[in-house]
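Subject: The structure we talked about

Hi,

Here is the structure for you to open alongside this note. Please have a look at it first, and then read on.

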Amino acid sequence: DSPSARKLFAPITEQSKLKVSCEKAQNLLSPYRINTMDHKILIVDDEANIRKVLKALIEQQGFSAVEANDGIDALAILKKEQIHAIITDLRMPKLDGMGLLKTTLKQYPDIPVIIITAHETVDSAVSALKMGAMDYISKPFEKEEMIKVLQKALGTYRTKLNVPSDI
């Protein structure tokens, strides 16, 4: 317990106290903490290649992805899993993107929906946005644009639920 020993171990003690304080603060906030892997994105498209590309892009950003072939499959997934955003094609068999958007807005109003399509028209874009789509992106899409729109959608989801982002 010499003065030189106290001097040597003082920084470690202060760092330990700070570390413990930070851990306590993180534990207190942990119920509100959302990290990227907690974000689950539902990809709905009848084209397997588009789903594969989107899934890879989403997972590169640290999010998890779930796939559906059409709107009917998507609704079944929505009943079972907590989804934070939906990326859906406009034209699909069974239930199309507009039908999925309409149902999602009624049953899951906090989940943002992004419409993607290769059959872009001004009318369909305006209709989707008026109905409540978060955004409307034409295929082929730029990776950077999709990432930006997805991040915006997840920010909107957090805001609707009044949950802070990563601390």
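This is a predicted model: local features need pLDDT of at least 70, side-chain atom pairs count only at pLDDT 80 or more; totals for chains, interfaces and linings use all residues.

Residues are numbered from 1 along each chain as its sequence is written, and side-chain values use heavy atoms, with hydrogens and water left out.

**The sheet**

Five strands form an open sheet in the order 2-1-3-4-5, and their pairing is parallel. Helices (H or I, at least four residues) and strands (E, at least two) are DSSP runs numbered from the N terminus, and two strands pair if DSSP finds at least two bridges between them. At the edges are strand 2 (64-68) and strand 5 (135-138), each of which pairs on one side only. From one strand to the next, the twist averages 20°; axes here are lines fitted to C-alpha atoms, for helices over the stretch in contact, and angles run from 0 to 180 degrees between N-to-C directions.

Strand 3 (residues 85-89) and strand 4 (residues 113-117) are joined in the parallel sense over four bridges. I114 in strand 4 is the bridge partner of I87.

**Helices on the sheet**

Helix 4 (residues 97-107) lies across strand 1 (40-44), strand 3 and strand 4, at about 155° to strand 3. Helix 5 (residues 122-131) also packs on the sheet, where it touches strand 4 and strand 5 (contact means heavy atoms within 4.5 Å), and its direction makes about 150° with that of strand 5.

**The cores**

A nonpolar core is a set of buried Ala, Val, Leu, Ile, Met, Phe, Trp, Tyr and Cys residues joined through side-chain atoms within 4.5 Å; buried means under 20% relative accessible area, exposed over 50%, and partly exposed in between (1.4 Å probe, protein chains only). The largest one has 24 residues, and L42, V44, L78, I83, I86 and I115 have the most contacts inside it. Helix 3 gives the most to this core, with four residues. A second, separate core of 21 residues includes F63, M146, I147 and A153.

**Two loop details**

The K139 to P140 peptide bond is cis, with omega near -10°, and P140 sits in the loop between strand 5 and helix 6 (143-161). K94, in the loop between strand 3 and helix 4, has a positive phi of about 65° although it is not a glycine.

Best wishes
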